[in-house]
Amino acid sequence: MTSAVEGVAQSPKRSNRTLWILIAVCAFPYLAGWLYFQFRAELPVPATTNFGTLLSPVRVVGDLPLVGLDGATFNTADLRGKWVLMTLADSACAAACQKNLYNLRQVRKAMGNERRRVERLLVVTRTSHLPALQLQLKEHEGMKVAVGPEPSVQQWQAVLQNPNPVAEDGLYILDPLGNVIMSYPPDFNGELIIKDLRRLLKVSQVG
């Protein structure tokens, strides 16, 4: 009998406790939001998640006339609307160049169905070893190759130089508007380039 009376007497306390818990749960998001806006200037800035060097401001390439291996002419404007993986190399195509060509192919392949949004471009700085280069390029079908004219190649070098000390043998990403936005030094890890490009394709509404 006594226990029943005590149980009845305690029930209002349990009810109040539940009520306060509900109030606290409902108020927490508002309190957290208020604290964030009050102290957001003092919060640590999150680290960037890209692995390559993000160029800011972006490097504008402009419309450059180019000559392909077969002598046909094309223009950088023809690449607009696509993401472009590109590198600059001597026609002798030493080890760094060969690795870049491999990375260009593998990075695009790793994009799966999204690879239709990605083009590859090799700009050749010196053409004295073109026959040997053509043999190597048989393993890289579909890649666009520019071997001139010289003023356009020099313009490419000027645009791409810095942050890499030498533009040659670096690897670069151009956005669908024709801007160089990302730079990688020679001998960079291709797996990390894949992560960068996947993120760009995912967030981009262009290209």
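I took two strands as paired if DSSP finds at least two bridges between them, with strands (E, at least two residues) and helices (H or I, at least four) being DSSP runs numbered from the N terminus. This is a predicted model, in which local features need pLDDT of at least 70 and side-chain atom pairs count only at pLDDT 80 or more, while totals for chains, interfaces and linings use all residues. Residues are numbered from 1 along each chain as its sequence is written, and side-chain values use heavy atoms, with hydrogens and water left out.

Entry on the sheet. I looked up S1 and S8 (residues 179-184), and found them antiparallel and joined by four bridges, with threonine 53 opposite serine 183 in S8. I then traced the open, mixed sheet of eight strands, whose order is S1-S8-S7-S4-S5-S6-S2-S3; its edge strands, each pairing on one side only, are S1 (53-60) and S3 (73-75).

Entry on the helices. I found H5 lying across S4, S5, S7 and S8, at about 155° to S8, where contact means heavy atoms within 4.5 Å and angles run from 0 to 180 degrees between N-to-C directions, with axes fitted to C-alpha atoms, for helices over the stretch in contact. I also looked up H2 (residues 95-109) against H5 (residues 190-203), which pack at an angle of about 40° with axes 9 Å apart. H2 is therefore oblique to H5, since angles under 35 degrees count as roughly parallel, over 145 as roughly antiparallel, 65 to 115 as roughly perpendicular and the rest as oblique. In that contact, Asn103, Gln106 and Val107 of H2 meet Gly190, Ile193, Ile194 and Leu197 of H5.
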